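Hi,

Here is the structure I promised to pass on. Please have a look, and then read on for what turned up in it.

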Amino acid sequence: MLKRAMFRCGQLCSRVFAVEFDLRTEPLYFTLSSNPQVLHHAHQQLFADDKKLFSLHVHSDNRIEKAQTHAEIKHKLSLTLPRDCDVFEAYSFIPDVKNSVVKGFFIRDKSTTTLAEDVLKTLQESKSVCVFSYKREGQYYWQEMLTTCNQVEESVRQYITPAAAAEHHPSTLNIRNSDVFYCMHEAYEVLQECTDIIPESKEVLKLVDEQLETSRGDGFPVIVIEGLDATGKTTLTEALRESLNATLLKSPPQCLASFRQRFDSEPPLIRRAFYALGNYITAAHIGKESLRAPVIVDRYWHSTAAYAIATAVGGRVENLPKPGSELYQWPEDLLKPNLVLLLTVSPEERLRRLRDRGQDKTVEEAELEINQLFRLK
Ligand SMILES: Nc1ncnc2c1ncn2[C@@H]1O[C@H](COP(=O)(O)OP(=O)(O)OP(=O)(O)O)[C@@H](O)[C@H]1O
Ligand SMILES: Nc1ccn([C@@H]2O[C@H](COP(=O)(O)O)[C@@H](O)[C@H]2O)c(=O)n1
């Protein structure tokens, strides 16, 4: 009932859909209307009629369940759909309204099998998944919602209508407190909400409770060194420790090392909350250590925010939040360093250093290496 109510005609009409059809261009935006309209050339390419077209969206009042369902579906689609199925990231949202985004996928099935339909029918059984199919009549296309009993929802026909490009890319509307956290209690609450499904959350929260007393007087300088992997952070931070007789700290802190693998396999909401809490633990360490000596910090909030934003924002570099956006603001309650230095090297030199080192890579490190777009972001 909930999902049908959510997408029922009235709400659907004020919503815009965006499909990340071609990563080099803007997403394709469309909305729904009871009046048929001829589609633009780009939209016609997406809705070309020799394909079976579906979209699915994940919604739930429980954000942990929503994040996990979305991640599971992404995984399932990548494993089970036939090769001649295209899967694009899709969003349903209300333009410029924060937290209005319902994330999902748009699927073009060019195969002669019914495999995609079968997979979608199974997914449709979940109470938090809405599946739509797209049909053609002459030069018009309309969207229909499939119900849990695999029938079409009976309602007024909703035609696809091109919509104006959104000023803010939809993926940026939900970043605050889903991908990047701007105060500790927001990240803390996420881990509190998943203690049932991820028992390690309790241990992490305990560590946070034990370490926190972030007050800091006018101590010694605090210098953060940031940069992509193999830009020389370890080499420089250790050299600075020696030369300044400083204390060297890291974010995430050593006490979270054994939990990283567990949280790295979780969807962004949970993974990012974990790293955000890591910064607060490091902040507590900085507060204490800077009373005794200068402190050098190997990565801190910029790393957490940059990885999170680059992962959350689909498509082109231009889709990132605009310079000056509140999403780039330092969290109100996180200890601020005196200086942050970003190390950069040319992509060729970075690759040469990574190859020389030949260590195991995390999935995100491997992605940095192969994905120029991600690195640029
Ligand atoms: N200034 C430099 N000139 C040339 N090579 C350097 C320089 N700084 C570091 N390197 C070399 O580059 C490689 C990566 O350096 P380092 O481990 O310090 O980077 P990192 O940023 O800490 O990487 P990661 O974040 O992946 O641990 C090492 O082999 C190091 O010897
Ligand atoms: N301050 C930090 C540091 C790291 N992360 C996250 O860790 C992953 C990459 O770390 P590596 O040690 O493997 O380079 C990646 O998920 C980062 O988001 C972070 O969030 N904050």
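Before the helices, a word on terms: axes are lines fitted to C-alpha atoms, for helices over the stretch in contact, and angles run from 0 to 180 degrees between N-to-C directions. Helices (H or I, at least four residues) and strands (E, at least two) are DSSP runs, numbered from the N terminus.

This is a predicted model, in which local features need pLDDT of at least 70 and side-chain atom pairs count only at pLDDT 80 or more, while totals for chains, interfaces and linings use all residues. Residues are numbered from 1 along each chain as its sequence is written, chains are lettered from A and ligands numbered from 1 in the order in which they are written, and side-chain values use heavy atoms, with hydrogens and water left out.

**Helix packing**

Helix 7 (residues 200–211) packs against helix 10 (residues 268–289) at about 25 degrees, and their axes are 9 Å apart. That angle makes the two helices roughly parallel (under 35 degrees; over 145 counts as roughly antiparallel, 65 to 115 as roughly perpendicular and the rest as oblique). Helix 7 passes helix 10 in a left-handed crossing, meaning that the near helix is turned anticlockwise from the far one by less than a right angle.

Helix 10 also packs with helix 11 (residues 301–312), at an angle of about 165 degrees and with the axes 9 Å apart. Helix 10 and helix 11 are therefore roughly antiparallel, and their crossing is left-handed too.

**Around ligand 1**

Which residues come nearest to ligand 1? Of the eleven around it (a heavy atom within 4 Å), they are A230, K233, T234, T235 and R357. Polar contacts (pairs of N or O atoms within 3.5 Å) include one from a T234 side-chain atom to a ligand oxygen at 2.5 Å. The side chain of T235 has an N or O atom 2.5 Å from an oxygen atom of ligand 1, and that of R353 has one 3.4 Å from a nitrogen atom of the ligand. Helix 8 (233–244) and helix 12 (347–357) are the elements that give two or more residues to the shell; helix 8 gives the most, with three.

**Two backbone details**

Most residues other than glycine have a negative phi, and most peptide bonds are trans. N99, not a glycine, has a positive phi of about 60 degrees; N99 sits in the loop between strand 4 (85–93) and strand 5 (102–109). S251 and P252 are joined by a cis peptide bond, with omega about 0 degrees, and P252 lies in the loop between strand 10 (247–250) and helix 9 (260–264).

Best wishes

Note on methods
Polar contact = N/O pair within 3.5 Å; in protein donor to acceptor, adjacent residues only side chain to side chain.
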